[in-house]
Amino acid sequence: MSAIQIVPIEWYLFLSIVLFTIGVAGVLLRRNAIIIFMSIELMLNAVNLLLVAFSSYLSDSKGQVFVFFIMAVAAAEVAVGLAILMMVYRNTKSSDINILNKLKW
Amino acid sequence: MIKLVWLVPLLPLMGFIIIGLFGKKLSKGLVGTIGSGVIFGALAIAVGIFFELKNGVQKEYTIELFNWISAGKLSIPFSFLIDPLSSLFLLIITGVGFLIHVYSVGYMSHDEGFSRFFAYLNLFIFFMLLLVMGSNYLIMFVGWEGVGLCSYLLIGFWFKNTAYNNAAKKAFIMNRVGDLGFLLGIILIFVTFGSIGYHDVFEQAKNMGSGNTTITIIALLLFVGAMGKSAQLPLYTWLPDAMAGPTPVSALIHAATMVTAGIYMIARSNILYTLSPEAMNVVAIIGICTALFAATIGLAQNDIKKVLAYSTVSQLGYMFLALGVGAYTGAVFHVMTHAFFKALLFLGAGSVIHAMGGEQDIRKMGGLKKYISKTHITFLIGTLAIAGCFPFSGFFSKDEILANVFAHNKLLWFFGILGAAMTTFYMFRLYFLTFHGKFRGTHEQEHHLHESPPSMTIPLIVLAVLSIVGGLVGIPAVLHGTHYLEEFLSPVFEASSFRLVHHLSHQTEYILMGVATVVMIAAIYYAYTIYSKKNTIPVDEDEELKPLHKLVYNKYWVDEIYETLITKPLNLLSEAFHKVIDNQLVDGIVNGVGSAVSWMSGTIRLAQTGNIGFYIFVMVISIVLILFTQLF
């Protein structure tokens with residue numbers, strides 16, 4: 001019995017649901033681009049947590065492999081995203097996403 | 001020689017390709033030599049084939065060149081059928097064709113389209129040979145359409161003139177009407193017999209017995225095709241207009257060869273017609289009606305070529321009359337003699353037109369015999385031949401037709417004699433007005449009058465000789481001669497022979513010939529009195545005519561009737577279709593789809609607000625919805 005299985009699976013489920021919901025709410029409600037970014041990371045990590053937990057309970061290592069992939073992709077995404085954010089800030093002196101509404105019909 | 005048969009159509013085709021591709025770079029002399037040379041080559045082979053058939057034991061050869069179409073049950077070889085009928089047509093086409101090619105060298109020498117003309121003529125000969133040589137209906141159809149195309153190209157040869165172009169289109173479209181019938185006939189033949197090869201079809205048809213409805217329908221459909229191509233009522237109006245083409249074309253295509261394709265087709269399918277008395281009656285009635293109708297129109301025409309054109313229509317009517325009463329040999333005989341004397345008359349007319357510097361109105365001619373004596377004498381021979389004067393060729397062929405018609409039906413014979421009288425009258429009217437009396441043209445024209453060059457007069461002389469002696473191949477038994485032609489053609493018409501016999505006593509035949517000759521002499525005398533003795537000249541256009549004369553002069557207003565009954569309603573209908581169906585319905589649908597798309601996208605793009613928060617919201621909602629649909 002590994003360390004993960006000390007905690008029952010339902011708790012992992014609840015925790016990751018809570019984390020994911022917070023992430024979604026953050027993305028929907030906040031206007032600061034950095035906060036939105038962090039919320040996205042939160043959602044990703046909620047999923048990661050769940051993957052690891054299930055992987056352990058099912059004794060199947062595929063889930064953990066997925067986690068590494070997600071981490072790598074998330075790192076790349078953050079690098080690109082933060083670069084964009086940087087340029088946005090330099091041009092607008094703000095990180096409020098509602099300023100970026102010029103691209104419309 | 002039989003082995004060389006593939007060369008016969010190939011030579012003209014090669015001539016067409018060479019002249020068509022390089023004509024502009026070659027000198028006129030070379031073009032003329034190639035153009036006439038290839039036809040002469042074909043003629044030489046055709047003569048060889050003819051004698052081989054005549055002297056040999058085997059009377060029918062099928063030469064298969066390659067497998068042309070094979071799909072499912074349908075298998076059509078590209079093969080030629082050489083039998084007495086096709087070999088005779090080969091001789092007529094290449095022989096008369098060669099003379100007309102030689103004539104054209106002189107006639108067209110000043111024309112800028114010289115090489116184009118020879119290319120078309122060679123192509124025409126190629127298709128015409130294909131038409132008569134094919135061993136199944138499909139090859140005949142290819143030739144049939146091909147000669148139609150060449151006819152169109154050559155009628156509209158001087159395409160800068162709108163009227164000539166319209167005449168060409170008219171010929172093409174009218175022929176389409178007939179061709180549709182022909183095509184339907186071929187399809188019905190295939191459906192009925194499962195083959196379109198002559199051999200299979202005729203063998204099977206023999207066993208079907210007389211009075212079969214399907215055979216009657218096939219025969220009538222094929223006859224519709226013949227009506228179009230051979231200018232019979234009601235599809236004849238294109239032929240007089242076709243005189244817009246150069247005169248050698250009128251002689252070759254619209255007198256000697258192409259227009260007799262219908263007769264060839266019926267003679268070839270004789271068994272189908274023999275089995276269907278109804279179809280034969282239709283053929284005979286259409287034939288005699290056309291013969292009379294066209295002859296009456298010919299009485300009042302003033303254009304030298306128009307008279308000859310109506311005369312051609314009328315003579316074609318005689319040939320169909322002969323076919324209709326079962327005198328297949330007589331019809332083919334008349335095709336042959338008609339090819340000689342009508343080509344001669346057209347070429348003679350061409351020589352007259354050449355001398356007159358393009359004038360075609362006989363009211364402005366007269367007294368030409370002094371100036372162009374060779375043309376005059378040959379034209380007179382042609383006129384006597386078409387009138388049926390003993391011992392010219394027309395006498396024998398016409399006599400054979402009329403004797404057969406007499407044995408079949410006395411009333412038809414009476415109309416036939418009436419038509420012959422009119423033929424004689426208008427031909428001598430033409431002759432006297434053109435060559436006798438005083439010259440009625442301008443001084444300039446009189447000064448210009450000259451005999452044509454030898455390349456034109458030599459074909460005239462050869463054709464004149466043929467018009468005199470051409471009839472000797474078919475001397476009826478009553479005159480103690482041998483009917484070589486009937487002997488030669490007998491294998492082709494063997495199966496139909498039970499209808500061919502006519503039982504006339506020798507006495508009756510002598511009386512018939514006597515009547516025909518008396519009628520002819522009376523008609524010549526009548527024409528002589530009016531147009532030579534009294535020097536009557538047909539009235540000018542603007543003078544008031546007597547009602548009957550007016551009716552005939554205006555060709556019974558047939559063109560106008562067709563215009564009102566068919567062309568105008570069709571135009572109105574197509575205009576209505578253009579305005580309603582095309583402009584409103586079709587364009588409406590197409591434009592409607594376009595504007596619907598742009599209206600919809602104009603509406604939907606408003607959702608693209610530029611507000612990122614809104615986008616994310618929509619995204620999340622959509623994902624949730626998708627997940628929900630996955631759940632249930």
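Predicted model: local features only at pLDDT ≥ 70, side-chain atom pairs only at ≥ 80, totals over all residues.

**Stop 1: where the chains meet**

Colour the two chains separately and zoom in on the contact. Chain A puts in 12 residues and chain B puts in 11 residues. Now pick out the side of chain A that touches chain B: seven of its residues are nonpolar, two are polar and three are charged.

**Stop 2: the domains of chain B**

Hide chain A for now and colour chain B by domain. Select 1-132 for domain 1, 136-553 for domain 2 and 558-631 for domain 3. Keep domains 1 and 2 of chain B on screen; their C-alpha centres are 23 Å apart. Across this boundary, 34 residues of domain 1 of chain B are in contact with 47 residues of domain 2 of chain B.

Which elements supply the domain 1 side of chain B that touches domain 2 of chain B? Select strand 2 (74-82), helix 3 (84-107) and helix 4 (114-133) of chain B, each of which supplies at least two residues. Helix 3 of chain B gives the most, with 16 residues. Colour that side of domain 1 of chain B by residue class and you get 26 nonpolar, four polar and four charged residues.

**Stop 3: helices 8 and 13 of chain B**

Next, show residues 213-229 (helix 8) and 277-298 (helix 13) of chain B. Their axes are 9 Å apart and pack at an angle of about 20°. An angle under 35 degrees counts as roughly parallel, so helix 8 of chain B is roughly parallel to helix 13 of chain B. The crossing of this pair in chain B is right-handed.

**Stop 4: helices 16 and 18 of chain B**

Finally, select 373-387 (helix 16) and 410-435 (helix 18) of chain B, which pack at about 170° with axes 9 Å apart. That angle makes helix 16 of chain B roughly antiparallel to helix 18 of chain B. Here the crossing is left-handed.

For the contact, show H376(B), F379(B), L380(B), T383(B), I386(B) and A387(B) from helix 16 of chain B; they meet T423(B), T424(B), M427(B), F428(B), Y431(B) and F435(B) from helix 18 of chain B. The contact between helix 16 and helix 18 of chain B has eight nonpolar, four polar and no charged residues.

Technical notes: Residues numbered from 1 in each chain as written. Chains lettered and ligands numbered in written order. Axes fitted to C-alpha atoms, helices over the stretch in contact; angles between N-to-C directions. Helix = DSSP H or I, 4+ residues; strand = E, 2+ residues; numbered from the N terminus. Parallel < 35°, antiparallel > 145°, perpendicular 65-115°, else oblique. Left-handed = near helix turned anticlockwise from the far one by under 90°. Contact = placed C-beta atoms within 7 Å. Nonpolar A, V, L, I, M, F, W, Y, C, P; charged D, E, K, R; others polar. Domains from an automatic or database assignment.
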